[in-house]
Amino acid sequence: MSGAIDAVGTSAAIKSTYRRYLQSLLTVRDTNIDGALREAIESSSMLDKGPYLEATPPYAPGASLQDLMGEAVLASGFDGLASGVLPLDRPLYKHQEAAIRKVAAGRNVVVATGTGSGKTESFLLPILDSLVREQQAGTLGPGVRALLLYPMNALANDQMKRLRQVLSAYPHITFGRYTGDTQSDPKKAREMFGALNIGEPMLPNEILSRQEMQESPPHLLLTNYAMLEYLLLRPQDVRLFGGALGGSGDMHSSWRFLVVDEAHVYDGSQGAEIAMLLRRVRDRVAPDASIQCIATSATVGSNPGAVVRFATNLFGQPFEWDPADPTRQDLITATRVATPPGPFWGPLSATDYIEVAAAGEWADWQGLLAAHGGHGVVETGATVADALAHESRLAAVRTTLAQGPRPFHEVAREAFPDDPQAEQALAAMIALASATRFDDGTPVLSARYHLFVRATEGAFTCLSPQGPHVQLARHAECPDCDAPAFEIGACKRCGATHVVGTPEHDGVAMRLRPRTGAGRGTWFVLDDETEIDDEDEGATVDDLEDLVQGVQDEVRLELP
């Protein structure tokens, strides 16, 4: 498809580049060990896995923001937030709609949906609606309305990028991130923003420094649990937990929402600590008022009652799950689009998929239907997406992936058996099905690729006459010849090979044993050469000569 990423080719390029990178880290002068090392890097199966192919049914669409405004679930002034990143007419997912409705009704909720399901919008949109209502009423003065708590600064940083997009045209709502990286001085904070966000404008409603947040707290405060502990203790941050000045000039409690993102990470003793921390926050900012509590997670158990009990214990506020009463179900999960039940037509060949994908569109899809028995299956007036969803080979791939992610080459072999173009055809099928969408915007096949790359534990070699055999995982004994295996390194200046081990005297001779996991070991040069020919090193050779010779004498130990 035109503009589609070649995921399989990109995966191969990443794996090849990673192996070249590893080879560049260790340049060994010993030709035998160097050759064995390079062979180990090229042939090792432990360095990467994949690509894997995963396909999940798309999330079911729900009402649009425009629909919710029409029902007065969202304020009429919410259209002031409309933009390219927040279109009012685009359907939300059903779980997003459900979350907005429940939060608007004053419920505490747990949004437990998968990665990429729009959990952020599930809690952010109703919070923004509350702020829009305050703005319309003339009561939106400075003061924290919502605390968004993240387990890692990286997640908070991602949320800041999203807020910049959503609030760029709505300066009335302010937001700020208060973490260990936040500068106190406004000038330094602006300099840091410019260095980290090249090309991005500074919004007037993004509060960048601690000093500015302490003087005029933002409506949306993003932080992590460690910093929140400090904020509660430090006198200079007391205004963050104070009240807000309304349009009438009266002070009132400003806090409305507590949001805990990725709540599942707070288990065990850490969960108990966070639970006490949230209670202290609530007692500080609203001891006599209720605060809505929202938790999000991509990973929860299958027992709704256990999930809401966890949320109740975490926040110290009631979450409910009544199977008989939808209005008292505070756990929100995702609804998936059902897969077509059949009948199916086809199958299309590998060549068919490759040619259609190369063309960039289903230029003659009616001709393909006629040639492969599709007219008796696909109803008159059906869309391209309807036709593709009922193609039998794509349906078989969908069934295969319903059991979970699979190695791409295995799926290709099953989908197009004994076809030399199998992998190319499967890649074309996935690109085509991902780009072809139904009228509601959902793709025919919601698929993604995964590639896993891991670091090595180092390089390890035996020194036996049959070797050297180099491994990229730690071994005390060589798996190829059972000789002792030693971790190796190389001098960055001259390439001399070194081994690390523990010298031991067995009563007859000094022997070098492999280093144990608990021991530091000693590095020894494994080289008979005493001269370094590099002219750039000449100035240091004289100073190092005695040391090098001494180490070489030391490594002429009897190896076991």
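User: At what N to O distance do the side chains of Glu97 and Arg101 meet in a salt bridge?

Analyst: This is a predicted model, in which local features need pLDDT of at least 70, side-chain atom pairs count only at pLDDT 80 or more, and totals for chains, interfaces and linings use all residues. Residues are numbered from 1 along each chain as its sequence is written, and side-chain values use heavy atoms, with hydrogens and water left out. Glu97 and Arg101 both lie in helix H4 (residues 94-104), 4 residues apart, about one turn of the helix, where helices (H or I, at least four residues) and strands (E, at least two) are DSSP runs numbered from the N terminus. A salt bridge requires a side-chain nitrogen of Lys or Arg within 4 Å of a carboxyl oxygen of Asp or Glu, and for Glu97 and Arg101 the N to O distance is 3.0 Å.

User: Is Arg19, which meets Asp48 in a salt bridge, buried or exposed?

Analyst: The side chains of Asp48 and Arg19 meet at 2.3 Å, N to O. This pair links distant parts of the chain, with Asp48 in strand E1 and Arg19 in helix H1, 29 residues apart. Buried means under 20% relative accessible area, exposed over 50%, and partly exposed in between (1.4 Å probe, protein chains only). Asp48 has a relative accessible area of 11% and is buried, and at 10% relative accessibility Arg19 likewise counts as buried.

User: Within what arc do the buried residues of H1 fall, seen down its axis?

Analyst: The buried residues of H1 are Ala7, Ser11, Tyr18, Arg19, Leu22 and Gln23. Seen down the axis of H1, these residues line one face of the helix, because they fall within an arc (taken over the directions from the helix axis to the C-beta atoms) of 155°.

User: Which residues does Thr497 touch, not counting residues up to four places away in sequence?

Analyst: Thr497 is placed in strand E19 (residues 497-505) and is buried, with a relative accessible area of 1%. Taking contact as heavy atoms within 4.5 Å, Thr497 touches Val28, Arg29, Asp30, Ile33, Gly489, Phe524, Val525 and Leu526.

User: How far from Cys462 is the nearest cysteine sulfur?

Analyst: A disulfide is a pair of cysteine sulfur atoms within 2.5 Å, and the structure holds 0 disulfides. Cys462 is accordingly in no disulfide, and the nearest cysteine sulfur, that of Cys481, lies at a distance of 3.7 Å.
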